[in-house]
Amino acid sequence: MNNINHIAIIMDGNGRYAKEKGLLRTFGHKKGVENVRKIALFSNKKGIKVLTLYAFSTENWKRPLEEVNYIMSLPKFFFDSYLKELMENNIKVMMIGDINKIPEEAKNIFLEAIEKTKNNTGMILNFALNYGSRQEIVKAIKNYCQDVIDGRENNLSEEEFNNYLDTKDLPEVDILIRTSGEQRISNFLLYQISYSELIFTNVHWPDFNEEEFDKCLHEYQNRHRRYGGI
Ligand code: IPE
Ligand code: IPE
Ligand code: MG
């Protein structure tokens, strides 16, 4: 059995899901958020320790303003609807990315959810929000350089470098799943997925249900992780 501590998902395909139904992209985003609840509760039941979900990339600001605004209204919908249930299930909310650049309302709702769930001991539900891996790495290097200048650091190792990343408190990513058929990483966890098993599925995120999730876990269990060995 391969270990499963940390699963990361690029939740892609909300727009295409809606388009196929002849509906607006925003409809897909709403369904996508509802699916976050479903998959988070299911992962928690499965005993997965960390579920990291790519919710908004640093490049997604390029989208039309109405779409960005709609997406930024979704944290309120999500936590108003489901925070109680997350608490009941002992789920701890975290986030990675630059929270300071997201609209005040979304930011405050996130900070509140993080605060309220901070003592929960079940699964960590980690949102990558305004997250870009290149930006994260550059920030880590800048912070490291500052620590050297200030005399706090001078002997960088892999373990030390990890402490400069947003993911510093999280275990290694075991599985990276991307929904909706694209086979690329799109600036997500570039450094962290060095030895993750990559799984691509054609299912759009709003349709990615428990059964599809189980298929990914099954696929993962059939992989032989060698880490450079034999
Ligand atoms: C993923 O779905 C959600 C975000 C990137 C915020 P998309 O909105 O990218 O959906 P497609 O890829 O256009 O179908
Ligand atoms: C990646 O999806 C970002 C999220 C799922 C939040 P995109 O839809 O932004 O990626 P590209 O543009 O297809 O690479
Ligand atoms: Mg997309």
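The legends below describe close-up views of a predicted model.

Local features are given where pLDDT is at least 70, side-chain atom pairs count only at pLDDT 80 or more, and totals for chains, interfaces and linings use all residues. Residues are numbered from 1 along each chain, chains are lettered from A and ligands numbered from 1 in the order in which they are written, and side-chain values use heavy atoms, without hydrogens and water.

**View 1. The surroundings of ligand 2.** The shell around ligand 2 includes I10, M11, Y54, A55, F56, S57, R178, R184 and S186; a residue is near a molecule if one of its heavy atoms lies within 4 Å of it. Strand β2, residues 50-57, gives the most to this shell, with 4 residues. A strand is a DSSP run (E, at least two residues), numbered from the N terminus.

**View 2. Side chains close to oxygen atoms of ligand 2.** An N or O atom in the side chain of N60 is 2.9 Å from an oxygen atom of ligand 2. For D12 the distance from such a side-chain atom to a ligand 2 oxygen is 3.2 Å, and for R63 it is 3.3 Å. Ligand 2 taken alone exposes 390 Å², of which the protein buries 78%; accessible areas come from the Shrake-Rupley method with a 1.4 Å probe.

View 3. C216 is buried, at 4% relative accessibility, whereas C145 is partly exposed, at 38%. Buried means under 20% relative accessible area, exposed over 50%, and partly exposed in between (1.4 Å probe, protein chains only). The model has 0 disulfides, a disulfide being a pair of cysteine sulfur atoms within 2.5 Å.

Conventions:
A polar contact is a pair of N or O atoms within 3.5 Å; within protein, one must be able to donate a hydrogen and the other to accept it, and residues adjacent in sequence count only if both atoms are side-chain atoms.
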